[in-house]
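Please work through each task before reading its solution.

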Amino acid sequence: MNAISALLRRELTLAMRRRGDVLTVLFFFVIVASLFPLGVGPEPKLLRLMGGGVVWVAALLAAMLSLGRLFAADYADGTLEQLILTPTPPVAWITGKILAHWLVSGVPLILMAPVLGIQFGLSGAELAVLMSSLLLGTPVLSLIGAIGAALTLGLRGGGVLVSLLVLPLYIPVLIFGAGAVDGAISGLGSEAHLSLLGGILILAFMLTPWAVAAALRISIE
Amino acid sequence: MMSGFNLYKYSSPATFYALAGRLIPWFYGAAALLGAAGLYVSFFLAPTDFQQSEAYRIIFIHVPAAWMSMFIYIVMAGWAALGLAFNTRLSFMMASALAPTGAMLTFVSLWTGALWGKPTWGAWWVWDARLTSELILFFLYLGFMALQAAIDDPRRADRAGALIALVGVVNVPIIYFSVKWWNTLHQGASVSLTKAPSMAAVMLAGMLVMALAVWMYAIAAALSRVRCIILERERNSQWVAQMLEAEE
């Protein structure tokens, strides 16, 4: 627990010193979501139906873009090797790192999402569903993405490779996240989708740190 | 110790190379015979479907390819798990030898599905749950192969690929059900594959024989590919040098 909080503090300090990185991902999220109305036309009815899905796809891409930051810098300067050599179980500090990554790259997306939702004509209740679905879904994106980031450490073309590895695995989160907003719009209700997202989050939280630990060991040795 | 036949002997690349060489003709032969028989049944013996006329005959390629594409992914993940658990190099080589065949069969099933969909459903592609999950399976195969291709160190490539194959196989059921529910929640399924009219026994027989043929082909192709991988990895070892000398 101590190790997790120490690592969390370190990661957050590092992120605060390099605020540009955090903002870049956030603006990427905003820009991608703003491109869709320009592409499909300003028809409000259509945009309202698409809104949830577009915000979710943009969140997926933004989360993927931020994965490079997760381990790359620590790998380059040798910190990662030192972390692996510490007696602290890898699963503990990996959980801390992923948590920090989510706080830095996931939470800003959740806070920005209502602004984008309003642009797509979503109402108050629907915005609340959008935010809760992102609250449950974005940690999963960080967790699953960490596996891809760990496996592609130091590889040529790592960024594109991560997208190929990770995006297919993101599909369930996208389906249930966008489905929750859809359910709120159509009046079918979004509890089922949110419960499934919560289930995926619990499963991912239990399993992925172990996979990330194995992946890091493979990449470092 | 076991006397006489020892199965563990074949976990060594050198002995397996020879064994695979002896087995390949048999599997290719079986694939050719079963393929010929299956094609004969499917094109000459199986009756014309009264709803879909002749277009339905594409299922004799399509269904075996789809079955095998899923089966191969599971087998691949099994080899990957075996390799990670027992640290056997041959298991990793088998996993990477299976991937291209699996990806090819996934592509064949998508392609033939599109060819069948156009006359039957009137569309090359619909976002049906099965089509979508088959497409995602194709992406998973591509991710596995791309990851292995990007890593130069064979040991790391083997293990990284094995891990992503295992992560994929855990995710496949989750992806399948999410896509299925997504499809049924979005819109009423306009086309359903599940309520197929009961199939004539001859059609089923043709399909099963074709599935066996594809299975045999997949084994033969994987064994041929694993032989290449073994030679490439072991090119500096003594037994390869000796074998090449003997052949000259």
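A residue counts as buried under 20% relative accessible area, as exposed over 50%, and as partly exposed in between. The model examined here is predicted.

**Exercise 1.** Determine which elements the salt bridge between Glu126(A) and Arg48(A) links, and classify both residues by accessibility.

*Solution.* 
Step 1. The two side chains meet with a distance of 2.9 Å from N to O. This lies within the 4 Å required of a salt bridge.
Step 2. Glu126(A) belongs to helix H7 (residues 124-151) of chain A, and Arg48(A) to helix H3 (residues 44-65) of chain A; the partners are 78 residues apart.
Step 3. Arg48(A) has a relative accessible area of 29% and is therefore partly exposed. Glu126(A), at 7%, is buried.

**Exercise 2.** Describe the pair Lys97(A) and Asp74(A), and state which network contains these residues.

*Solution.* 
Step 1. The closest N and O atoms of the salt bridge are 2.5 Å apart.
Step 2. Lys97(A) lies in helix H6 (residues 90-119) of chain A and Asp74(A) in helix H4 (residues 68-76) of chain A, so the bridge ties together parts 23 residues apart in sequence.
Step 3. Lys97(A) is buried at 1% relative accessibility, and Asp74(A) is buried at 6%.

Step 4. Glu234(B) and Arg89(B) form a salt bridge at 2.4 Å, N to O. Glu234(B) sits in the loop between helix H6 (201-233) and helix H7 (238-247) of chain B, whereas Arg89(B) is in helix H3 (residues 89-121) of chain B, 145 residues apart.
Step 5. Glu234(B) is buried at 10%, while Arg89(B) is partly exposed at 45%.
Step 6. Through shared partners, salt bridges join Lys97(A) and Asp74(A) with Arg10(A) and Glu11(A) into one network.

**Exercise 3.** Characterise the interface of chain B and chain A: how much area is buried, and which element of chain B gives the most residues?

*Solution.* 
Step 1. In this interface, 29 residues of chain B contact 25 residues of chain A.
Step 2. About 2300 Å² is buried between the chains, and carbon and sulfur atoms give 76% of that area.
Step 3. On the side of chain B, helix H4 (129-150) and helix H5 (154-186) each give two or more residues. H5(B) gives the most, with 17 residues.
Step 4. By class, this side has 20 nonpolar, five polar and four charged residues.

How values were computed: Residues are numbered from 1 along each chain as its sequence is written. Chains are lettered from A and ligands numbered from 1 in the order in which they are written. This is a predicted model: local features need pLDDT of at least 70, side-chain atom pairs count only at pLDDT 80 or more; totals for chains, interfaces and linings use all residues. Side-chain values use heavy atoms; hydrogens and water are left out. Helices (H or I, at least four residues) and strands (E, at least two) are DSSP runs, numbered from the N terminus. Buried means under 20% relative accessible area, exposed over 50%, partly exposed in between (1.4 Å probe, protein chains only). Contact means heavy atoms within 4.5 Å. Buried area is the accessible area (1.4 Å probe) that two parts lose on being put together, summed over both. Ala, Val, Leu, Ile, Met, Phe, Trp, Tyr, Cys and Pro count as nonpolar, Asp, Glu, Lys and Arg as charged, and the others, Gly among them, as polar.
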